[in-house]
Amino acid sequence: MVIFGASGDLTGRKLIPALYNIAADGELPPTLKVVGFARREKSNESFREELEEMNKKVSRQGHDDRLWASFSQSIFYHRSEFEDAEGYERLAKLLDDLDQQGAGGNRLFYLSTSPDYFPIVLERLKAAGLHRAAEGKWARVVIEKPFGTDLETAQALNRAVYDTFDEKDTYRIDHYLGKETAQNIMVLRFANAIFEPIWNSRYIDHVQISCAENLGMEGGRGGYYDKAGCLRDMVQNHLLQLLSLVAMEPPTDLSADGVRDEKVKVFRSLRHFKDARDVADNVVRAQYTEGTINGKPAVGYRQEDRINPESMTEAYVAVKISIDTWRWEGVPFYLRVGKQLPKKTTEISIHFKRPPHVLFNKGTEDDSANVLVMRIQPDEGISLRIQSKIPGPAARTERVKMDFHYSTSFGKKASPEAYERLLLDAMSGDATLFARGDEVENAWRYIDIIENAWHGESGQPPMCHYPAGSWGPSEADELLRRDGREWRRL
Amino acid sequence: MMTAQELSALDLGNEVPLRELDKQLRLLWESNEARTKASLANFAIYSERPDQLAANTELIREVTREHACRALLVAAVPDAPEVSVRAWITAHCQLAAGGKKSVCTEQISFMIAGNSPSLVPNTVFSYLDSDLPLIFWWQGPFTERWEPHLYASIDRLVIDSGEWPDPLPQFTLLEEAWKNAKGDFTVNDLMWTRVLHLRLALASAFDQPGAIGILAGLQEVVISSVEGNSLAARMLAAWMMDQTGWTLESGQTAQDTFKLRAGNREIALRFLKGAGTHAVSEVRLNGTGGGVVLTQESGDGFIHAKLTLGGTSSEVLTPCACETPAELVTERLRRGCNTPRYFRILRTVRRLLGEEGQGV
């Protein structure tokens, strides 16, 4: 496995700990060798030491010195510029040498560089002949987000990928899909007979997908974020992927293309906004202003490190999405995502229709609808809100919940990190949890309309504001209120 | 603001950095697997008197014996010069299943200083258990922190109107908020709960054969309440009026004396000062056809309802176990709440407190 951009945060914080934990579970192929490819000067030893320090901090199952000593002998460092053809020749030689030491001949190239380098890395891999494996072996590429910044760049990147690798050997990673609860959406829907019959517009009133972060631009993220914005950084990939899992039809089988075919149909069924006015009516963008979060004062978005003081980049998005299918006719999907909100949480909530008030709570506007919640992170699990009678002579009801926690039911070590599952899948050739080229392009096709309205010549929808530490702008509340609904309390 | 020494003397549990609160809560439960976490509601207590933290912790300990909940104690110091938030976590455990299980509920305590807008809801409500109802006890009179962001999340509001020095403007704020929230929260007034068993006793007295006939000849209602509980007496009177359809003639005829109209008859309503430990010590209904006397003696766990009808007397006992704040809240949480009816009765209460007109 070759990690391009190995001196970046992702390698130490996610990729190596994922491989270490796979090793701790005894599931790591013993022949695996990991080569870090980056520009900084480092030795194998110094690279391993850096990774060890980070692994001690973040490893899910803790850090065992003996296991690390064995595991780290499989880690190597290769210094090269990404453009340097000669560096790839040396890489090929290194990989051949490792094969001689028993590495096995399969190749997994992990592109974790700045997206600007994706095309050149692909091109150089091809030029060095690294994109083709030996007879009976495979060569695959894993590409980190963002996959393009709009439809045009995503299409260009897809062309660069297809020029080097086949689609079946291409793994566009979206780590949300590797989370247990995201994987469990299909299990919940299709392995339990009670849900699918009611999973439609007859019984479901609306769906909410919320992704709240209680961080701002710490750690120098501002430079990247101010170029990307919340819509591109989160909605185009993570949230639309979650939406597709909730909204898709049952696949014919669980093969990668069986599942992804159905997801693509969802993306193609998203009702596109007609014009800037339509965008303004259905999408709220916002930046946070000065406020208080976790009991401490927080600066506004435009005062953050590496953010343009006149930035028009959104740190919060709420959008009402309509899906034009028989199943979802009249059922809006409300998505919201934002920075500097009061807590960190991601969840999907299915809001069922209210029962008619013929027996209980007559004449009141009580909150009696059933809600099924899938918590993606943290505290992964599922809960169902139901109504129950309050003990006593009066026929009054109150809501209670039935709750399933992964950590309680399967033990706190049971949930592997998303990257563990995804890396294992990429090694074993299962692309089900990775985005296909047409999925990505269709998602961008939808997002581009919003971006174009926001940054067009005229009629731009307004930028709204909310204090850091609050639950977002009032305009986002209004988006639901005008439909007679409200955001779920997270 | 409490000193560090005073704070450390309180049994609030471990102080944790706010950013790590969820993680520390998880560790709290993981540290002892013999404990079972139970939670059927979020129960928050808000006070702008930090010295209440100790008493409220004790109160939570008592309430959670019957009502498993995630408890959030909030001590606010709005006039502090700088914004700061401190948090503590602890668990209250009770033995269940014949002593075989330890069932626990968690308590998060916050000390919130400074007057940043919406600081309380933004900080505290991030730690709610999402799908469970929020029971929110606002202690003391409403202040400027009683604002829409706060009450928008509340499902059941608990107040004790008996602790308000000047209840009329407070009732106005309460009803405005309730209307503003489109009736999304129910109002659970502990003062209303204080007279719950008197109401039950009085209603039971009239369940006896022929007792309803007393109302036809009723001439006088006299309610005696102890110092500081005149509101309880007025709530009881207003409830009786709501039940019977009596109306209040405008204005007082004398100090603490009112004229009620029941069809074409007049009934005198008088409030007297009583003695004892119960909020309302005695209720007398006197008339030509007989009468009813309710008495609550200090130290007696029963309300005695003595009915006199046609020259014969009978007595019925009704238990009255609710006196302490913990008992009142525990009792209140067992029951649902008819808030529109509460406000309807409150209009009468306001007039009995001297407000002219029909209220807000």
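A salt bridge here is a side-chain nitrogen of Lys or Arg within 4 Å of a carboxyl oxygen of Asp or Glu. By this rule there are 59 salt bridges over all chains. This is a predicted model, in which local features need pLDDT of at least 70 and side-chain atom pairs count only at pLDDT 80 or more, while totals for chains, interfaces and linings use all residues. Residues are numbered from 1 along each chain as its sequence is written, chains are lettered from A and ligands numbered from 1 in the order in which they are written, and side-chain values use heavy atoms, with hydrogens and water left out.

**Stop 1**

Select A:Glu196 and A:Arg327. They form a salt bridge, with the closest N and O atoms 2.8 Å apart. The two residues are 131 residues apart, and the pair links distant parts of the chain. A:Glu196 sits in the loop between helix H7 (180-190) and strand E7 (204-212), and A:Arg327 in the loop between strand E11 (316-321) and strand E12 (333-338). Helices (H or I, at least four residues) and strands (E, at least two) are DSSP runs, numbered from the N terminus. Both A:Glu196 and A:Arg327 are buried. Buried means under 20% relative accessible area, exposed over 50%, and partly exposed in between (1.4 Å probe, protein chains only).

**Stop 2: helix H9 of chain A**

Next, select A:Asp261 and A:Arg436. Their side chains meet in a salt bridge at 2.9 Å, N to O. A:Asp261 lies in helix H9 (residues 256-269) and A:Arg436 in the loop between helix H12 (418-428) and helix H13 (437-454), so the pair ties together parts of chain A that are 175 residues apart in sequence. A:Asp261 is partly exposed, at 36% relative accessible area, whereas A:Arg436 is buried at 10%.

A:Glu262 is buried, with 9% relative accessibility, and A:Lys265 is partly exposed, with 45%. Now select A:Asp257, A:Arg260, A:Asp261, A:Arg436 and A:Asp438: salt bridges that share partners join these residues into one network.

**Stop 3: cysteines of chain A**

A:Cys211 is buried at 3% relative accessible area, and A:Cys464 is buried at 7%.

**Stop 4: where chain A meets chain B**

Show both chains. Contact, meaning heavy atoms within 4.5 Å, involves 24 residues of chain A and 30 residues of chain B. The buried area is about 2,400 Å², with carbon and sulfur atoms giving 41% of this. Buried area is the accessible area (1.4 Å probe) that two parts lose on being put together, summed over both. On the chain A side, select A:Asn294, A:Lys401 and A:Arg489, which lose the most area to chain B, together 26% of what that side buries.

There are 2 salt bridges between the chains. In one of the salt bridges, the side chains of A:Arg489 and B:Asp155 meet at 3.7 Å, N to O. In chain A, strand E15 (381-389) and strand E16 (397-405) each supply at least two residues of the side that touches chain B. The largest share, 3 residues, comes from E16(A).

**Stop 5: two buried side chains in chain B**

Select B:Gln296, in the loop between strand E15 (290-295) and strand E16 (302-309) of chain B. Is B:Gln296 buried or exposed? It is buried, at 9% relative accessibility. A polar atom of the B:Gln296 side chain lies 2.6 Å from the backbone oxygen of B:Val280. Leaving aside neighbours within four places in sequence, contacts of B:Gln296 include B:Leu198, B:His278 and B:Cys320.

Finally, select B:Thr64, in the loop between helix H3 (53-63) and strand E4 (70-77) of chain B. B:Thr64 is buried, with 4% relative accessibility. The backbone oxygen of B:Ile60 is 2.8 Å from a polar atom of the B:Thr64 side chain. Not counting residues up to four places away in sequence, B:Thr64 touches B:Cys69, B:His92, B:Gln94 and B:Thr105.

Notes. Polar contact = N/O pair within 3.5 Å; in protein donor to acceptor, adjacent residues only side chain to side chain.
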